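Please look at the chain shown below before reading on.

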Amino acid sequence: MARNRKTVAGLQITPNRYCLDRETALRMWTENVTWFSNEEGKKGRIQVGQFADLMVPDRDYFSCPGADIADITSELTMVGGKVVFAAGISKSLTP
């Protein structure tokens, strides 16, 4: 619901007061879901001691139009500190 808060037909059925802001939605999909895999404190944040699993999006999640969030793709993906995917200007980093 954090994307654009509208149905496919463009109708808003959920009042804004019940919708998540972008930062809260991002935290829910990153650091707050680590309990599913029993990896709390090991994943979900960029900080010392955490696994280096991350992706670099092709546009700014916080400033792009809400309708564009679903189209965000990865320019660079790292798992365990190693590059596993790279596109665009990062393509030369692919092993």
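On a 1 Å grid over the protein atoms alone, a pocket is an open set of points where a 1.4 Å probe fits, with protein on both sides within 12 Å along at least five of seven lines, and its lining residues have an atom within 4 Å of a point. Grid points are joined across faces, edges and corners, and a volume is the space filled by probe spheres set on the points. This is a predicted model, in which local features need pLDDT of at least 70 and side-chain atom pairs count only at pLDDT 80 or more, while totals for chains, interfaces and linings use all residues. Residues are numbered from 1 along each chain as its sequence is written, and side-chain values use heavy atoms, with hydrogens and water left out.

The largest pocket has a volume of about 1,000 Å³. Of the 33 residues that line the largest pocket, those closest to its centre are Leu26, Arg27, Trp29, Thr30 and Met55. The elements that give two or more residues to this lining are α1 (22–29), β1 and β2, where helices (H or I, at least four residues) and strands (E, at least two) are DSSP runs numbered from the N terminus. The largest share, six residues, comes from α1. By class, the lining has 19 nonpolar, six polar and eight charged residues; Ala, Val, Leu, Ile, Met, Phe, Trp, Tyr, Cys and Pro count as nonpolar, Asp, Glu, Lys and Arg as charged, and the others, Gly among them, as polar.

The chain has one helix and three strands, and along the sequence they follow the pattern α-β-β-β. The three strands form an open sheet in the order β1-β2-β3 with antiparallel pairing, and two strands are said to pair if DSSP finds at least two bridges between them. The edge strands, each of which pairs on one side only, are β1 (54–57) and β3 (82–86).

| Strand pair | Direction | Bridges |
|---|---|---|
| β1 and β2 (residues 74–79) | antiparallel | four bridges |
| β2 and β3 | antiparallel | four bridges |

Met55 stands opposite Thr77 in β2, and the bridge partner of Pro57 in β2 is Ser74. On the other pairing, Val79 has Lys82 in β3 as its bridge partner. There β2 and β3 form a hairpin with two residues between them, and Gly80 in the turn has a positive phi of about 60°.

Along its principal axes, the C-alpha trace of the chain spans about 45 × 35 × 20 Å.
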